[in-house]
Amino acid sequence: MHLEKKDGRLASAVLEVELHQTSALDCAGPGGLEPARPTTRNQNHSSTEFSGPYPSQAAEQSLWNAECKDFGSFLTEGRSCSALPQFFSSSSKDLCFTENTPLLWNSPPEKGSRFMSTYHPEFITAEDSWENSSAEWEQRYTLSREVPGLSTSASSEKVELRDSAHLRFPLLKFRCCVRWLKVTGLFVFVVVCSVLFSLHPDQGKFWQLLAVSPQERYSVNLSSRADSTLLQVNLAGALVAGGPSGSGREEHVMVEVTQMDFPSSRRRQPQQVTHNWTVLLNPRRSEHLVVSRTFVIQSRETVFISIWTSLRQPQVVPLLLSHQYLRASTEAQVTIAAAILAGVYVLIIFEIVHRTLAAMLGALAALAALAVIGDRPSLTHVVEWIDFETLALLFGMMILVAIFSETGFFDYCAVKAYRLSRGRVWAMIIMLCLIAAVLSAFLDNVTTMLLFTPVTIRLCEVLNLDPRQVLIAEVIFTNIGGAATAIGDPPNVIIVSNQELRKMGLDFARFTAHMFVGICLVLLVSVPLLRLLYWNKKLYNKEPSEIVELKHEIHVWRLTAQRISPASREETAVRRLLLGKVLALEHLLARRLHTFQRQISQEDKNWETNIQELQKKHRISDRILLVKCLAVLGLVISTFFLNSSVPGIHLDLGWIAILGAIWLLILADIHDFEIILHRVEWATLLFFAALFVLMEALAHLHLIEYVGEQTALLIKMVPEDRRLAAAITLVVWVSALASSLIDNIPFTATMIPVLLNLSQDPRVSLPTLPLMYALAVGACLGGNGTLIGASANVVCAGIAEQHGYGFSFMEFFRLGFPMMVVSCTVGMCYLLIVHVVMGWN
């Protein structure tokens, strides 16, 4: 639905509904709706008429047809429109509406317009309430779906519909049973998780301030619990997340946990079990970090904890200490976390529920599991798990893109891209993918997809291409390009920002120079691979452009009707009107699918003529607003660059996007703010919030830590002469597979200290930087494996779904997973040649 602007403001009182058609106006009685017929190419036009679903309407039908004849002659002279209040007044005699909608492009204006007849207000008597008339509308819509005789070919269609009805009834009954089981099962699951979560209170951590030194020890006695099997000890202070290097020269804190173990056999003497935990101190005492370690409780006896420090100079180190008992072992927690993650993927892969709801269910299950084992977090801690910088970046850029789309700039860019490709579709797709890869190397890949997705969708609509396939290819190249620099992807930012790695010489320039060469090789292999994977796929729509356009129009009108809340009588009327239009378009689509033979479009040879026609239709609609948008967007993007290089700018990416959105809202003079908010992908933002909570809860269940420890154990088992090659291979593939299943941000943050400990172990003797490069390659390229493997994938899917071109998990998996496997293989070979063969360590 398109609302015209007058004097910079939206005219909210004008509702325009038009269907571009070429034949004369057909009218329906008050009990039915005329199926509208938009303009088509090379179509034989024939006027059809049908009666209402009720026999008692024969008297009214003749009067209605007489009025419609006069009204149809009036419409052939020119378009007219009536305001919404006038339409619902009982004295209104005009039934016509117009609608300037971009959904009905390709309709030549010189052929005139056809209008859909609606339920005339005069047929609603005074004693009939509005609710009764609305119910009658719904009943007649339902009946019109079931009555087979709505066209001139009623005799042949009746037999087909009766036969299909007998076949569809068992299938519909089976679907109803499956749906009932799904709803019942999910509801029981949610109730059980809610009860488990509510029965266990928050285990608040009581921090105790300590002052330890080499001369003074701190000791505490803890009474054990009968229902607990693990003791988690937490330390906070100027600490480092890595373990000792083995030389013993670093300043560190020593934690000793001791307990008496009484065996079941009387012949054996009780033994003292001691666990040692070494935590490195940060040389810069200003930084604060929380580290934790879990110890197994051998018996119900008292546990003794002793803490002291090893320093070069005698001084006092302040620390914070807390502890809590857990009811499940580490293996049990990892099993529970893996089961929750598998359940979330089952819900998303088979599309049982929306991916946002699946992430929310997974987060609820993980929180319930934490509550059962005795580590239930408080609401404040759960909110702190959400990465609000990412959400602020998404929200701000969505506001910018929503205002930007009002200028017609995306249509203009689509036509220019078609012109540069000279009508060759594959050349245009490769050009778009490479531009997206280059931009994502210097911008965040999420920002790149927020800017590129609307342009790509509009371009595919102009060329009658399937936007889904093009968008999937584009987001894959965006993730590949983001791995080339230190600021292109969040895992790279985490690696470069680590202080221990900076001391080893891993800065922005060195990381970018090393990764850029490998990613260029990956791009060289990915371009022909993309063409090979799309070899048997037709990028053009398998149906004529009129059918594709009509299906998309039905989808958008249905979404528009669903978004209108029937809070008032006028809103209810508008919703009924839109549902009526959807019904009419569905009848038209059924007739066209029955009449048209499916044909596959070929590449257009007359691209020069098409470009001239497209340039006339798709122009910049608001040049002043375009200048404002380009100025603000340019300032925002330049600030993104300066933020990583200029130390004087103390703004994160989220703050920059939010400030840019506020600037553009002021300059654009937006009065109706709700229209802009409707363009924001709230489902995507909620999905990310639930995903952050889910991943942090899985980290508390030791899933990510378990994956890192098992990877380190596998590397230690390899002989020393082949250990570096095995370590690079394992880190690349474990990181790739893990990043395709879970968020790569917490995985990267967990793997860095594991790899640091592994490289600093004198028994392993591995260089650190090759392992970090392998981690970056696997974490960045592994996001292409699944739909939720990278943030850019989810953002692109959300925007495409809002435009009516959403793609499923399996559609992305069929292309993304092979591309991920090949790209990771090329990246692994590059690292092996550079670090193993050439010895560049």
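Select His514 and show its neighbours: leaving aside residues up to four places away in sequence, His514 touches Tyr773, Tyr830, Leu831, Val834, His835 and Trp840, where a contact means heavy atoms within 4.5 Å. The model is predicted, so local features need pLDDT of at least 70 and side-chain atom pairs count only at pLDDT 80 or more, while totals for chains, interfaces and linings use all residues. Residues are numbered from 1 along each chain as its sequence is written, and side-chain values use heavy atoms, with hydrogens and water left out.

Stay on His514 and colour its helix. His514 belongs to helix H15, residues 508-533; helices (H or I, at least four residues) and strands (E, at least two) are DSSP runs, numbered from the N terminus. Is His514 buried or exposed? His514 counts as buried because its relative accessible area is 1%; buried means under 20%, exposed over 50% and partly exposed in between, with a 1.4 Å probe and protein chains only.

Next, select residues 768-781, which are helix H26. The expected span of a helix is 1.5 Å times one less than its number of residues. For H26 that comes to 20 Å, and the end C-alpha atoms are 20 Å apart, which agrees.

Now go to the surface and select Phe187, Val188, Val191, Val192, Val195, Leu196, Leu199 and Val372. These residues form a nonpolar patch with about 670 Å² of accessible area together. Helix H4, residues 154-199, gives the most to the patch, with seven residues. Val188 sits in H4 and is partly exposed, because its relative accessible area is 45%.

Cys433 is buried because its relative accessibility is 1%, and Cys796 is buried because its value is 0%. The whole structure has zero disulfides, a disulfide being a pair of cysteine sulfur atoms within 2.5 Å.

Finally, show the whole chain. It holds 28 helices and 10 strands, and 51% of its 841 residues are buried. The chain exposes about 40600 Å², of which carbon and sulfur atoms supply 59%; accessible areas come from the Shrake-Rupley method with a 1.4 Å probe, and for residues only the protein chains shown count as cover.

Conventions. Patches are made of residues with over 30% relative accessible area and no salt bridge: like charges are joined within 9 Å, nonpolar side chains (Val, Leu, Ile, Met, Phe, Trp, Tyr) within 5 Å. A salt bridge is a side-chain nitrogen of Lys or Arg within 4 Å of a carboxyl oxygen of Asp or Glu.
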